[in-house]
Amino acid sequence: MAIGSFSAGLSGLTAQSVALNVIGNNLANINTVGYKASTVAFEDLVSQNVGSAGQVGLGVSPGNISQVFSQGSIETTRDATNAAIQGNGFFMVRTPDGISYTRAGNFEFDRNGTLVTPDGHKVQGYTQIDPLTGLVVATGAPTDIVVPPGVLRPPVATTQFGAISNLDANAQVGDTFTSTVEIYDTLGSPHVMTTTYTKTAANTWTYQITVPGAEVNPAPAGGAPAVVADGTVVFSGTGAVQSVTPTAPSTGGGAAPGAIADVVFNSPVWANGAPSTQLTWDLVDANGNVSLTAFRAPSATSSKMQNGTMAGLVSSIAISDDGTILATYGAGQSVAVGQLALATFNNPKGLVKLGSNLFGGSPEAGLANVGMPGTGGRGTLIGSALEQSNVDIAQEFTQMILAQRGYQANSKTIVVSDELLVDTLNLKR
């Protein structure tokens, strides 16, 4: 029996040494960005039968070492390309060996404008931009995110514009109200487009959309503004739009009498050589809400929008909570240039630690569920911030004490077993 106790004690020493190794590794990574602490679980070795006395164990072994994926604290930084995950998910990075996953968001742009990790692994996301909405198209497989430095970003011609306006129902026939919006042509030149509303009868207004005559080719005679679209808006007795009727020179893409729809027309050919483009007056949003009303309140425009931009150099970068990378350039204009992707797993504890803050996929973790932050159970992002290690010093020190006492207890077992073996050998003397 003394020989068996030697084996049991030795297994205890080995198991407690593994526990101390895990604790030491946790403490060593207490300041590692995105590090997830590990825990070790023990299990008893196969026991043996000893007559009718029952079973005696053969010792202990480390059963499993797993990561603790609890949220680490968030610390703000002064680096705009840093991002912290608040909730579930992992950033995706492309390494020479394939796609890996990480919680460390200490990214930066390399000399080619590619978003990378400190080790040069390429961060994955979405880069296709919808030309109409200016939003990132987060479909398909994620790719490298590239924002070339020092490259003049091409202009985006305006194709949609809109304004939320109220026309005073108490206005007199002949009263007018104007609303302006700045649009851009294909060369990035700005043009002020003016919509003039004129009350012609109760609940009825005409509209005329013009641009400065000197900016079009050919220019109207006498320096008059160039009319690009006009028509009539009829309101109901509740102040809601009842019908919108575009007239020439509209392309006919607007609403027919009695219907409400966006008004579509062509811009003029511009004097600077920019060609005519199709413009859509966004009167009705995706939820069917009309941007014009005619209540008894002062005529006013409360909001404007248009989707064009001028050319310019990227001056700063910001990451929003949904992972969208916003580039600011020109006169403080911001556009989406990409979006970070996040991956979640049914069993993140099944991921394989690869070092360098990276995890690898495995059958035990399940398939990666990839998508935009804030959707499908994925967490949101905090820009200019990093998730710190989730190592708890107090807990690690407590576990260290327990492992130390366990090691001492098992060493004492070996010492006592040795004394018993010496006494047994002395029986022959």
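1. Gln160 stands opposite Thr280 of strand 20, in a pairing where strand 13 (residues 160–166) runs parallel to strand 20 and is joined to it by two bridges. Strands here are DSSP runs of E with at least two residues, helices are runs of H or I with at least four residues, and both are numbered from the N terminus; two strands pair if DSSP finds at least two bridges between them. The model is a predicted one, in which local features need pLDDT of at least 70 and side-chain atom pairs count only at pLDDT 80 or more, while totals for chains, interfaces and linings use all residues. Residues are numbered from 1 along each chain as its sequence is written, and side-chain values use heavy atoms, with hydrogens and water left out.

2. Strand 20 also pairs with strand 19, in the antiparallel sense and over four bridges, and Val263 has Trp281 of strand 20 as its bridge partner. Leaving aside neighbours within four places in sequence, Trp281 is in contact (heavy atoms within 4.5 Å) with Phe161, Gly162, Thr195, Tyr197, Tyr207, Ile209, Asp262, Val263, Phe265 and Leu292.

3. Trp281 is also one of the residues that touch the most other members of the largest nonpolar core, together with Met193, Ile209 and Phe265, in a set of 29 residues. Such a core is a set of buried Ala, Val, Leu, Ile, Met, Phe, Trp, Tyr and Cys residues joined through side-chain atoms within 4.5 Å, where buried means under 20% relative accessible area, exposed over 50%, and partly exposed in between, with a 1.4 Å probe and protein chains only. The elements that give two or more residues to this core are strands 14, 15 and 16, strand 17 (226–235), strand 18 (241–247), strand 19 (263–266) and strand 20 (278–281); strand 17 gives the most, with five residues. A second, separate core has 20 residues, including Ala83, Val123, Ala327 and Leu358.

4. Where does Leu340 sit, and is the residue buried or exposed? Leu340 belongs to strand 25 (residues 333–340) and is buried, with a relative accessible area of 0%. Leu340 and Gly355 are 15 residues apart in sequence, and their C-alpha atoms are 22 Å apart in space.6.

5. His121 lies in the loop between strand 10 (115–116) and strand 11 (122–126), and is buried, with a relative accessible area of 16%. Leaving aside neighbours within four places in sequence, the contacts of His121 are with Val93, Arg94, Thr95, Pro96, Leu115, Val116 and Leu358. Ser61, placed in strand 4 (residues 60–67), counts as buried at 17% relative accessibility, and touches Ala41, Phe42, Glu43 and Leu45, not counting residues up to four places away in sequence.

6. On overall form, the protein has two helices and 31 strands, and its C-alpha trace spans about 130 × 50 × 35 Å along the principal axes. The radius of gyration, taken over C-alpha atoms, is set against a globule rule of 2.2 Å times the number of residues to the power 0.38: a compact globule of 429 residues would have a value near 22 Å, but the protein has 35 Å. Buried residues make up 39% of the 429 residues.

7. On confidence, pLDDT is the predictor's confidence in each residue, from 0 to 100; the protein has a mean of 88, and 93% of its residues reach 70 or more. Confidence is lowest in strand 2 (residues 48–49), at a mean of 60, and highest in strand 26 (residues 342–344), at 97. Over residues 248–258 the pLDDT is below 50, although this stretch has 27 contacts in the model beyond near neighbours in sequence. Where pLDDT is low, the predicted coordinates should not be read in detail.
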